[in-house]
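Thanks for coming. I will show one structure and then walk through it region by region.

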Amino acid sequence: MVAEHIVDPTKTLAALSRFSKPRGRVVIYTVNRWSPLALAAWLVPFRLHNPVKRVLWKTEPEDTFPVAYRLNTRATLSRRFADAGFREALFTTLADCRVFFRFRGLRRLELGLWLACQAARIPYPESCLLAVYERA
């Protein structure tokens with residue numbers, strides 16, 4: 001859950017390639033660039049991130065870092081990992097229903113929205129990406 005903070009993907013993936021054996025795997029679990037919270041984090045000035053996170057999740061200032069979103073879509077992950085000598089072995093999105101977990105009423109509303117999306121067979125808007133890349 002840190003890919004959104006990586007500023008230099010080329011350097012990071014080159015290091016992952018050096019540290020991975022052939023057929024070794026790298027697992028990425030990160031926020032989806034197009035999720036509502038990710039979009040809000042991109043639009044809201046960084047100085048306001050921790051106050052919002054403190055209300056939602058009781059985080060401390062030292063737990064808040066700037067976001068870059070250079071590895072947070074399937075297209076960018078696939079392209080960057082391919083450039084570093086990896087192939088995509090698995091990719092999926094996972095619904096993320098943790099935004100309001102601290103607040104009982106909002107948590108129930110969030111889970112109800114997730115259930116409604118499931119029933120309508122549409123993706124839940126707040127999601128994370130889970131991908132596995134295998135080194136060639």
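Predicted model: local features only at pLDDT ≥ 70, side-chain atom pairs only at ≥ 80, totals over all residues.

Leu48 sits in the loop between α2, residues 36–43, and α3. On the surface, Leu48 belongs to a nonpolar patch together with Trp42, Leu43 and Val44. Taken together, the residues of that patch have about 410 Å² of accessible area.

Next, the sheet. It is an open sheet of 3 strands, in the order β1-β3-β2, and the pairing is antiparallel. From one strand to the next, the twist averages 15°.

Now the strand pairs in turn. Strand β1, residues 25–31, is joined to β3 by 7 bridges, and the two run antiparallel. To find your place on the screen, look for Ile28, which stands opposite Ala131 in β3.

On the other pairing, strand β2 covers residues 86–95. How many bridges join β2 to β3? There are 9, and again the strands run antiparallel. Phe86 has Arg135 of β3 as its bridge partner, and Glu88 has Tyr133 of β3.

That leaves β3 itself, residues 127–135. Why can we call β3 largely enclosed by the rest of the structure? Because 7 of its 9 residues are buried.

The structure holds 0 disulfides. Take Cys117: its sulfur is 8.7 Å from the closest cysteine sulfur, that of Cys97, and this is too far for a bond. For reference, the cut-off used for a disulfide is a pair of sulfur atoms within 2.5 Å. Cys128 is in no disulfide either, and its nearest cysteine sulfur, also in Cys97, is 10.0 Å away. As for cover, Cys117 is buried, with a relative accessible area of 6%.

Last, two backbone points. Lys58 is not a glycine, yet it has a positive phi of about 60°. You will find Lys58 in the loop between α3, residues 49–57, and α4, residues 74–83. Is Lys58 buried or exposed? Its relative accessibility is 59%, so Lys58 counts as exposed.

Arg121 is another residue other than glycine with a positive phi, near 60°. Its place is the loop between α5, residues 104–120, and β3. At 78% relative accessibility, Arg121 counts as exposed.

To recap, then. β3 lies between β1 and β2 in the order of the sheet, and β3 is largely enclosed. There are 0 disulfides. Lys58 and Arg121 are exposed, and each has a positive phi. The nonpolar patch on the surface includes Leu48, where I began. That is the end of my part.

Note on methods
Residues numbered from 1 in each chain as written. Heavy atoms only, no water. Buried < 20%, exposed > 50% of the residue type's maximum accessible area, 1.4 Å probe, protein only. Helix = DSSP H or I, 4+ residues; strand = E, 2+ residues; numbered from the N terminus. Pairing = 2+ DSSP bridges. Patch = residues over 30% accessible without salt bridge, like charges linked within 9 Å, V, L, I, M, F, W, Y side chains within 5 Å. Areas by Shrake-Rupley, 256 points an atom, 1.4 Å probe, with all protein chains shown as cover. Salt bridge = Lys/Arg side-chain N within 4 Å of Asp/Glu carboxyl O. Axes fitted to C-alpha atoms, helices over the stretch in contact; angles between N-to-C directions.
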